[in-house]
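Please keep the structure in view while reading.

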Amino acid sequence: MKACFTSQVFRFIPLMLRLVATFAVFSASEFYPQAAPNSSPPAMGGISTNGTHNAVYDSERRAITAGGFVDKGPVVFQDASKNTGLTGWHHVVGTPRKATINESLGSGVALLDYDNDGWLDIYLVNSLTYDELAGKKPPSHAALFHNNHDGTFTNVAEKAGVTNDRWGIGVAVGDYDNDGWPDLYVTNLGLNRLYHNNHDGTFTDVAKEAGVALGIWSTGPTFGDYDGDGRLDLFVPGYTYYDWNHPPIKGSNGVMSNNCQFRGVDVFCGPRGLRGEQDHLFHNNGDGTFTDVSEQAGVGDRNKSYGLTAVFVDLNGDGRVDLVVANDSEPNYLYINKGNGTFQDFSFESGYATNRDGHETASMGIAVGDFRNDGNLGLLNTDFSDDYKVLYQNEGDFNFVDISYAAGIAEPTIPFVGWGDGFIDYDNDGWKDIFMANGHVYPEVDKHDWGTTFAQRPLLFHSLQGKKFDLVSPVKGTGLAVVIPARGAAFGDLFNDGKIDVVMNNMDLPPTLLRNVNPDTHHWIEIKLVGGPKSPRDAVGAAVFLTAGTMRQREDIISGGSFASSNDFRVHFGIGDADRADLVEIHWPSGFIERITLPTVDRIFTVVEGKGVVEELCVKCAARKDPSAASNDGSVVRKP
């Protein structure tokens, strides 16, 4: 009887939390008066916001989303897009008018070393125009930019066989067959691609044979070994149902007119008011095929929420990857891995379903990181304008607290529409900073004095030891002053110099590569992990703890995240002025915990499970100090 009563109580917890959330909405302005909407009525439409906020302008009366520039200040990034050769490729999607919702999402970007030469390459997803979709023009291609080791990149997508030629959305990297070579999963509005790496610079699409092609509108995927069998499984969120012959336009069947307006202006319809698509979890069978286990695993998304990005990550340190899903204009999902092949929906109980006002947000991107250096992974969700971007502090035991205002990131982000995001230590001081890529979905905003723009500048917040974050001013002519309609963003060390760079995939434009030129002289360490027989070969799901002096940091290897993108798999640690790492502790997906010491700093180390360091790479090391170790690209490689 007691057990029955307890189960009934827990059944009603989500409802109780929603009631509390409703009250919180009415009381939020008492606690956060600076975020209160103006006297205008809430913006009606298909995207969830928290009302209509007052416009924010800079001193020259420019909307802050495309202004706020300063003449002098710290220069962190330089726009290296043209010099590196990326601007010869161009993203396209639909028409400039963006008349239907499928034209609004844009596409993701992945950083991967597809040819195993030790240098990160860049994959950029593309979409199509309607003429291309109808076969009236040749389809636009995705790009695979090979790293030439000299600061430039060459597009080899056609030769590599990864042009996609479909209405592309997202991408995740993962070595699903454990052959030591990274594979690509590309999502589309339509059939998806699973590009198997052939080890010779080419890929083969095996999605249909593998059983993961789907055919719905898929968005930001993630690889992860949820059942601990050493093989990467695949989770694919679904967005909305889309019928090319009957697009969701105002006046069509099933579309309510109030879901086709923003601030009283007609815009494209959705996602609210449109039928959603279910999410899908595919179990890796180990023979090149996958089985859809969504329902039996408990992540089938029967509500058909509008999923945009998903991440497999171990949130409580039990060695099993959990699952978080950012939903557009509906509560987010947080699923606890129960260790028996199933998940428990803990979305509302965890605090991740909504922001602290109890308000569901139009969540786009997910960043994951131990920004407090306490061993607990926090979460950052980007969302729509008229809502602050939400920073969730992990208090342990799946208890996430929205600290956005206290941390200083809420108010500055309200005018922006956020997409790709990441926790990056841009100055190598040992504390994770925050980067957000931004861009509106409605071109109509440029015709109105709302304090927001279609093209927007990125945002960078500097961490003050994980307690607060200061907005870094955009210096004119530098990377933080670029104004673009950005979508996907990926983060990694593109030049093997120990500094984290950013690549953004922009709507209807060439991509943007922000090279990290911050003048700090701090030390750093990067580690590439290679899993053993009982772990995924690319070590996705591993957690690495590094102790240097009094500071202990955590980094995880994660596939997917940001917005529909995938980051550098090498874990990166800035260690400030410390000149050594005292201890590295690796929690491998197999459950094995390995402790190693590193011989020096400012290197990229390769660690094989159970064997320790097997290789190190240093680009900046002077070849004259060790001529026998100098490679033909100026790097120094040693095998201890």
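β2 (109-112), β32 (523-530), β38 (603-608) and β39 (612-618) each give at least two residues to the lining of the largest pocket. The strands named here are DSSP runs of E of at least two residues, helices are runs of H or I of at least four residues, and both are numbered from the N terminus. The model is a predicted one, in which local features need pLDDT of at least 70 and side-chain atom pairs count only at pLDDT 80 or more, while totals for chains, interfaces and linings use all residues. Residues are numbered from 1 along each chain as its sequence is written, and side-chain values use heavy atoms, with hydrogens and water left out.

The volume of the largest pocket is about 750 Å³. Its lining comprises 34 residues, of which Asp113, Asn116, Gly118, Lys528 and Val530 are the closest to the centre. By class, 17 of the lining residues are nonpolar, six polar and 11 charged; here Ala, Val, Leu, Ile, Met, Phe, Trp, Tyr, Cys and Pro count as nonpolar, Asp, Glu, Lys and Arg as charged, and the others, Gly among them, as polar. On a 1 Å grid over the protein atoms alone, a pocket is an open set of points with protein on both sides within 12 Å along at least five of seven lines, a cavity is a set where a 1.4 Å probe fits but cannot get out, and lining residues have an atom within 4 Å of a point. Grid points are joined across faces, edges and corners, and a volume is the space filled by probe spheres set on the points.

Three cavities of 30 Å³ or more are found in the whole structure. The largest cavity holds about 460 Å³, and among its 31 lining residues the closest to the centre are Phe423, Glu555, Asp556, Asn567 and Asp568. Two or more lining residues come from each of β21 (366-369), β25 (418-424), β29, β34 (551-556) and β35 (571-576). The lining of this largest cavity has 13 nonpolar, eight polar and 10 charged residues. The second largest cavity has a volume of about 60 Å³, and its lining divides into nine nonpolar residues, one polar and one charged.

Next come the nonpolar cores, each a set of buried Ala, Val, Leu, Ile, Met, Phe, Trp, Tyr and Cys residues joined through side-chain atoms within 4.5 Å. The largest has 56 residues, and Tyr123, Leu194 and Leu529 have the most contacts inside it. A second, separate core of 34 residues includes Trp167, Ile169, Cys260 and Trp450.

Val125, between β3 (121-124) and α4 (130-133), is buried, with a relative accessible area of 0%; buried means under 20%, exposed over 50% and partly exposed in between, for a 1.4 Å probe and protein chains only. Lys499 occupies the loop between β29 (486-492) and β30 (501-506) and is buried at 11%. The side chain of Lys499 makes a polar contact with that of Asp520 at 2.9 Å; such a contact is a pair of N or O atoms within 3.5 Å, where within protein one must be able to donate a hydrogen and the other to accept it, and residues adjacent in sequence count only if both atoms are side-chain atoms.
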